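Reader: Hi! Could you walk me through this model in plain words? I'd like to start with what the terms mean.

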Amino acid sequence: MNRRFKMYFIQYIICRFFIFILLLFPEKFRFKFGNFLGALTYKLIKKRRDIAYYNLKLAFPEKSDKEISKISKQSFKIMIKAFMCTLWFKDYLNRPNNIKIINMENVEKLYSKGKGIVVATMHFGNMEASVKAANGHDIVTVAKTQRNPYINKYMNFNRSKYVNMEVIEKDRNTSRKLLEKIKENKIFALFSDHRDKGAIVNFFDKEAKAPTGAVSMALKHDIPLILVYNTLNSDNTTTIFISDEIHLEKTDNFKNDVQNGTQTLINEIEKVIKKYPEQWMWFHDRWNIYSTLKRMNKV
C-alpha cells in the first residue's frame, strides 16, 4: 500500500469511527448536530460562504445582505443534514411519517408506458431521499467518483442497502453505459441543476452552462421526463414533489430540440429554487462568478 492509499485508508477509518459514534445517538440529536456542523461550516469555510453570497446576490438582487445571510446559512445546514442522513437512510426512509410524496400517481402512470422514466433531480433538500418516489422500481444514476476509493466504495454500498439503485461512476464512457441500460425500462435519475458542459441557458437572467443528459435521453429514446425534488422540513421530515411530464418539443433538428428542452427544464428548476431558496446548494460556483473574481484578484 503506497503512501497515498495509506492516507486514504486512515481517512476512511476516521470517518467510520465518526459514523459509529454518531449512530449511537438518537436521530433527533443527529439532526441537531447536523445543524451545528452546518452553522460551523458556514462560519469557517470562507470560500464556500463567499460563493453562496455571490450566487444569492445574482439570483435575488432585491434581497438585503441580512436576508441573503439567513438563506445561505440555512442552506449550509440543510445540505450537511442531508449528507449525514444518508448514513442511516434505510431506517429514515422506512420510518412512518418521515416521507410525504406529492403526485406519486404520476410515476406509475408514466412507468406503465413501458419505456422507463427520465428523472431530472436537483442538489436540493434531503437530496437522496427522492429515491422513495421510485416506488420500488429500479434506479440507474450517475455519480462522481470520490477521490478516496474506500469512502467511494462505502458510499455506493450504503446506497444499495436502501434502494434498488445502480450507480454509474462518471467518466468518458458514461453516455455509453447509460445507453446500454435503455432497453431495461428503468428510472434514470440524473442531476440537472449543476454547472456542466452541455447547453448555454438563461438561469436567473444570467448565462449559464447546464447539463443536457436528461433532456437528450428523453428526446432521443422517447422516454417521459419529469422533475423530482424534495424539501427537508424544519421537523426533519421530507416532502417529495413529482412534477407532471415535462413537454419536450420535437422537430427535425435534434440539437435545437435539446437546447430548447434544456432551457424548459432549467426554467422549471428556477421556479422551484425561487419558491424554496434555502433548500438549494448555493455554495456550488454555479455561474463561475467566484472563479472569475478570483482570477481578477477581487476576492
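Author: Happy to. Buried means under 20% relative accessible area, exposed means over 50%, and partly exposed is in between, with a 1.4 Å probe and protein chains only. This is a predicted model: local features need pLDDT of at least 70, side-chain atom pairs count only at pLDDT 80 or more, and totals for chains, interfaces and linings use all residues. Residues are numbered from 1 along each chain as its sequence is written, and side-chain values use heavy atoms, with hydrogens and water left out.

Reader: Thanks! Is Cys 15 buried, exposed or partly exposed?

Author: Cys 15 counts as partly exposed because its relative accessibility is 34%.

Reader: And how many disulfides does the structure hold?

Author: It holds zero disulfides, a disulfide being a pair of cysteine sulfur atoms within 2.5 Å. For Cys 15, the nearest cysteine sulfur is that of Cys 85, 17 Å away.

Reader: What about Cys 85, buried or exposed?

Author: Cys 85 is buried, with a relative accessible area of 0%. Its closest cysteine sulfur is in Cys 15, and 17 Å is too far for a bond.

Reader: Which other residues are buried in H4?

Author: Besides Cys 85, the buried residues of H4 include Ile 68, Ile 71, Phe 76, Ile 78, Met 79 and Met 84. Ser 72, Ser 75 and Lys 81 are buried there too. Helices here are DSSP runs of H or I with at least four residues, strands are runs of E with at least two, and both are numbered from the N terminus.

Reader: What covers them?

Author: The cover includes helix H1 (3-22), helix H2 (27-44), helix H3 (46-59), helix H5 (89-94) and strand S8. When I speak of contact, I mean heavy atoms within 4.5 Å.

Reader: How far apart are the end C-alpha atoms of H4?

Author: They are 30 Å apart, which agrees with the 30 Å that the 21 residues of H4 (residues 65-85) should span at 1.5 Å a residue. The expected span is 1.5 Å times one less than the number of residues.

Reader: Switching to the sheet: what is the strand order?

Author: It is an open sheet of seven strands, ordered S1-S9-S8-S2-S5-S3-S4, with mixed pairing. Strands S1 (99-102) and S4 (165-169) each have a single partner strand, so one side of each is left without a neighbour in the sheet. Two strands pair if DSSP finds at least two bridges between them.

Reader: Which way does S8 pair with its partners, parallel or antiparallel?

Author: With S2, strand S8 pairs in the parallel sense over three bridges, and Val 119 has Ile 226 as its bridge partner. With S9, strand S8 runs antiparallel, joined by five bridges. Thr 231 has Thr 239 in S9 as its bridge partner. S8 and S9 form a hairpin with five residues between them, and Asn 236 in the turn has a positive phi of about 70°.

Reader: How many residues of S8 are buried?

Author: Eight of its eight residues are buried. Leu 225, Leu 227, Tyr 229 and Thr 231 point one way, while Ile 226, Val 228, Asn 230 and Leu 232 point the other.

Reader: Where is Asp 222?

Author: Asp 222 sits in the loop between H9 and S8. It has a positive phi of about 55° although it is not a glycine, and it counts as partly exposed because its relative accessibility is 40%.

Reader: Which residues have the most contacts inside the largest nonpolar core?

Author: Those are Tyr 92, Met 122, Phe 203, Leu 225, Leu 227, Ile 273 and Trp 282, in a core of 86 residues. The largest share of this core, seven residues, comes from H4. A nonpolar core is a set of buried Ala, Val, Leu, Ile, Met, Phe, Trp, Tyr and Cys residues joined through side-chain atoms within 4.5 Å.

Reader: Which residues does Ile 273 contact?

Author: Leaving aside neighbours within four places in sequence, Ile 273 is in contact with residues including Phe 60, Met 122, Phe 203 and Trp 282.

Reader: Last one: what does Asn 126 touch?

Author: Not counting residues up to four places away in sequence, Asn 126 touches Ala 82, Cys 85, Phe 89, Tyr 92, Asn 230, Leu 232 and Thr 238. Asn 126 lies in the loop between S2 and strand S3 (139-143), and it is buried, with a relative accessible area of 0%.
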